[in-house]
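Please look over the model before reading the points.

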Amino acid sequence: MPRRGFPQYTIFGPESALSLRAILPNFKRAGHDGVSVDRRGKLVLEFIPRNTSGSGFAWSDKTLFSLSVEEVGLCLSQLPENNVELSHATYGS
């Protein structure tokens, strides 16, 4: 039996899909009996549009967001009183 699980959730809608997955942090030894964060964890959001043919999803055209723990906390602190808006910088265009 594996020691760790890596859950991923996908919600399928009529026009698009939303996929959520957690990337856990990596830790390293620090000193004799301590630990420190080697790589920080994040929450990955993937927005996947439906294919132009209408059947299936265009996974190669997905928009991906990675949110740090602090960014997830900031988004949650804004709900439900305020709207949360995500923006995505495009590169190479």
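In this predicted model, strand β5 (residues 42–49) pairs with β6 in the antiparallel sense, over six bridges. Within that pairing, V44 stands opposite S66 in β6. V44 is also among the contacts of S19, a residue in strand β2.

**The sheet**
- Four strands make up an open sheet, in the order β1-β2-β5-β6, with antiparallel pairing.
- Its edge strands are β1 (8–12) and β6 (63–68), and each of them pairs on one side only.
- From one strand to the next, the twist averages 15 degrees.
- Strands of a sheet pair through backbone hydrogen bonds, either parallel or antiparallel.

**The helix**
- Helix α1 (residues 69–78) lies across β5 and β6.
- The helix α1 runs at about 95 degrees to β6.

- S19 sits in strand β2, which spans residues 16–23.
- Is S19 buried or exposed? Its relative accessible area is 1%, under the 20% cut-off, so S19 counts as buried.
- Which residues does S19 touch, leaving aside neighbours within four places in sequence? They are Q8, Y9, T10, V44, L45, E46 and I48.

**Polar contacts of S19**
- The S19 side chain makes a polar contact with the side chain of Q8, at 3.1 Å.
- Another polar contact, of 3.5 Å, joins the side chains of S19 and T10.

Definitions and conventions: Residues numbered from 1 in each chain as written. Predicted model: local features only at pLDDT ≥ 70, side-chain atom pairs only at ≥ 80, totals over all residues. Heavy atoms only, no water. Helix = DSSP H or I, 4+ residues; strand = E, 2+ residues; numbered from the N terminus. Buried < 20%, exposed > 50% of the residue type's maximum accessible area, 1.4 Å probe, protein only. Polar contact = N/O pair within 3.5 Å; in protein donor to acceptor, adjacent residues only side chain to side chain. Contact = heavy atoms within 4.5 Å. Pairing = 2+ DSSP bridges. Axes fitted to C-alpha atoms, helices over the stretch in contact; angles between N-to-C directions.
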